[in-house]
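Please look over the model shown here before reading on.

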Amino acid sequence: MSAKGDLIHAWSSDPLVRENGESGGAVTALLKFALEDGMVDAVLGVRKGADIYDARPVLITDPGEVADTEGSIYGGTLLLSKLFGKYLSGAKDLKIASALKGCDVMGAYEQAKRKQLNLDNVLMIGLNCGGSITPAMMRRMISEVFQVDPYSVEKTSMYKGRFHVTYGGQHKDIPIDELEERGYGRRSNCRRCKMKIPRQADLACGQWGVRKDLVGRATFVEVCSGRGAELINRALEAGAIGTDIPDASCIKARKRREEAILNLADRWRERDFTPLSGSKERLKEMIEETSRCIKCYTCIEVCPALFNTTRPYVTAFPGRVPPEFGFHLLRYSHVADSCIDCGQCEELCPMDIPNALFMHAIEADLEELYGYHAGEDMSRPYISIMEEPRV
Ligand code: SF4
Ligand code: SF4
Ligand code: SF4
């Protein structure tokens with residue numbers, strides 16, 4: 001019997017799922033089982049769209065369709081957290097299971113604090129995540145650095161610090177550090193991200209620490225809650241998954257991997273934040289960069305630390321493009337200590353304004369001042385707006 005805090009190796013009992021799944025298909029098997037068993041009414045997943053660079057969210061109620069979802073489309077940089085509130089009534093009347101990266105889980109907590117999501121109804125299967133790459137960057141990098149036609153690629157993956165490309169029966173891999181030194185690689189927010197193992201989910205699943213003879217055939221699972229343990233136990237009892245206990249060397253290897261990637265994130269934080277460390281320089285940079293703003297409201301609509309409304313911004317700043325700097329100050333004040341560095345406000349900004357960098361730099365300062373960690377639990381922030389503002 002598994003319990004909160006346990007570490008296990010797991011894999012799907014279905015040979016087809018095991019073969020097609022990234023690491024033995026454990027996550028697929030657990031999502032499918034949760035749906036079949038009635039633990040949830042639906043699965044919110046991501047499916048491959050037009051090509052391997054196109055990730056599309058999908059709500060599944062037929063267990064037979066769960067195997068078609070993709071746990072790791074590295075070129076898809078979707079954030080699922082806000083979809084619950086926007087399209088699924090905040091999971092108020094529907095129990096939903098979902099495989100979520102660290103930023104998805106953090107965003108889900110921030111949405112729950114703002115009463116946009118009922119976390120009791122969301123079964124979170126956390127995915128360890130080393131980072132993701134925008135579809136445009138992925139295509140450019142594969143073409144220019146790997147010298148491979150991006151449309152001939154069947155699979156991309158990131159493990160052991162290298163980016164792997166499989167195409168036409170061939171394979172190439174290059175260290176991520178090297179790619180990033182050359183100006184390619186992960187989104188800048190991902191480089192700074194320290195939520196690599198999302199332990200505030202019900203389970204945290206990934207490849208790090210998998211025993212050598214099981215690599216590619218099993219997932220390393222950390223059981224993070226009683227609900228996660230119940231899912232594992234019921235799935236095991238029903239024969240949906242197989243499990244094994246990792247030895248001390250596996251646990252040590254996972255810890256080493258996590259520490260290495262967290263140290264790397266610290267180095268990127270220093271590199272990105274240092275030019276903004278003086279208050280005057282930061283303000284000057286923000287005013288200059290945001291002067292390109294066309295007031296499309298995307299950075300507000302996508303932010304998981306904000307409500308599902310642009311009303312205060314529309315009402316307070318009517319009729320001017322670019323808007324006064326106060327438009328951005330209002331957003332900064334609403335997000336302030338709750339930014340989870342998901343990168344959405346930057347990636348989707350049509351004017352390439354480094355919104356996530358500015359917001360994350362402010363959040364990091366406030367985190368040091370107040371000790372509040374956004375997205376880690378249900379504790380309330382000191383500054384950010386938690387009740388929908390009235391205007
Ligand atoms: Fe992964 Fe963190 Fe990037 Fe989200 S922000 S995709 S959890 S590295
Ligand atoms: Fe994500 Fe930007 Fe909101 Fe921060 S401010 S949580 S990076 S969308
Ligand atoms: Fe302005 Fe960019 Fe935000 Fe649109 S997404 S409102 S252009 S900062």
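The questions and answers below go through these topics in turn.

This is a predicted model, in which local features need pLDDT of at least 70 and side-chain atom pairs count only at pLDDT 80 or more, while totals for chains, interfaces and linings use all residues. Residues are numbered from 1 along each chain as its sequence is written, chains are lettered from A and ligands numbered from 1 in the order in which they are written, and side-chain values use heavy atoms, with hydrogens and water left out.

Q: How many Å separate the centres of domain 2 and domain 3?
A: The assignment gives domain 1 (7–128 + 192–265), domain 2 (135–185) and domain 3 (277–370), with bounds that come from an automatic or database domain assignment. Taken over C-alpha atoms, the distance between the centres of domain 2 and domain 3 is 32 Å.

Q: Which elements give two or more residues to the shell around ligand 1?
A: A residue is near a molecule if one of its heavy atoms lies within 4 Å of it, and of the 13 residues around ligand 1, Cys 103, Cys 129, Gly 131, Cys 190 and Cys 193 come nearest. Helices (H or I, at least four residues) and strands (E, at least two) are DSSP runs, numbered from the N terminus. The elements that give two or more residues to this shell are α4 (102–113) and α7 (188–192).

Q: How do the residues of the shell around ligand 2 divide by class?
A: Ala, Val, Leu, Ile, Met, Phe, Trp, Tyr, Cys and Pro count as nonpolar, Asp, Glu, Lys and Arg as charged, and the others, Gly among them, as polar. The residues surrounding ligand 2 include Cys 303, Cys 339, Cys 342 and Cys 345, and also Asp 341 and Gly 343. By class, the shell around ligand 2 divides into nine nonpolar, one polar and one charged.

Q: What classes of residue make up the shell around ligand 3?
A: Of the 13 residues around ligand 3, those that come nearest are Cys 293, Cys 296, Tyr 297, Cys 299 and Cys 349. The classes in the shell around ligand 3 are nine nonpolar, three polar and one charged.

Q: Which domains each give at least three residues to the lining of the second largest pocket?
A: On a 1 Å grid over the protein atoms alone, a pocket is an open set of points where a 1.4 Å probe fits, with protein on both sides within 12 Å along at least five of seven lines, and lining residues have an atom within 4 Å of a point. The second largest pocket has a volume of about 620 Å³, where grid points are joined across faces, edges and corners and a volume is the space filled by probe spheres set on the points. Its lining has 24 residues, with Tyr 159, Lys 160, Gln 207, Val 210 and Val 215 nearest the centre of the pocket, and β6 (153–159), β7 (162–167) and α9 (248–273) each supply at least two of the lining residues. At least three residues come from each of domain 1 (7–128 + 192–265) and domain 2 (135–185).

Q: How far from Cys 224 is the nearest cysteine sulfur?
A: The structure holds zero disulfides, a disulfide being a pair of cysteine sulfur atoms within 2.5 Å. Cys 224 is accordingly in no disulfide, and the nearest cysteine sulfur, that of Cys 205, is away by 8.3 Å.

Q: Is Lys 295 buried or exposed?
A: Lys 295 lies in the loop between α10 (279–290) and α11 (298–301), and its phi is near 55°, a positive value in a residue other than glycine. Most residues other than glycine have a negative phi. Buried means under 20% relative accessible area, exposed over 50% and partly exposed in between (1.4 Å probe, protein chains only). Because its relative accessibility is 10%, Lys 295 counts as buried.

Q: Is Asp 352 buried or exposed?
A: Asp 352 has a positive phi of about 50° although it is not a glycine, and its place is in the loop between α14 (344–347) and α15 (355–370). Because its relative accessibility is 60%, Asp 352 counts as exposed.

Q: Which loop holds Pro 322?
A: The peptide bond from Val 321 to Pro 322 is cis, with omega near -5°. Most peptide bonds are trans. Pro 322 lies in the loop between α12 (311–316) and α13 (325–335).
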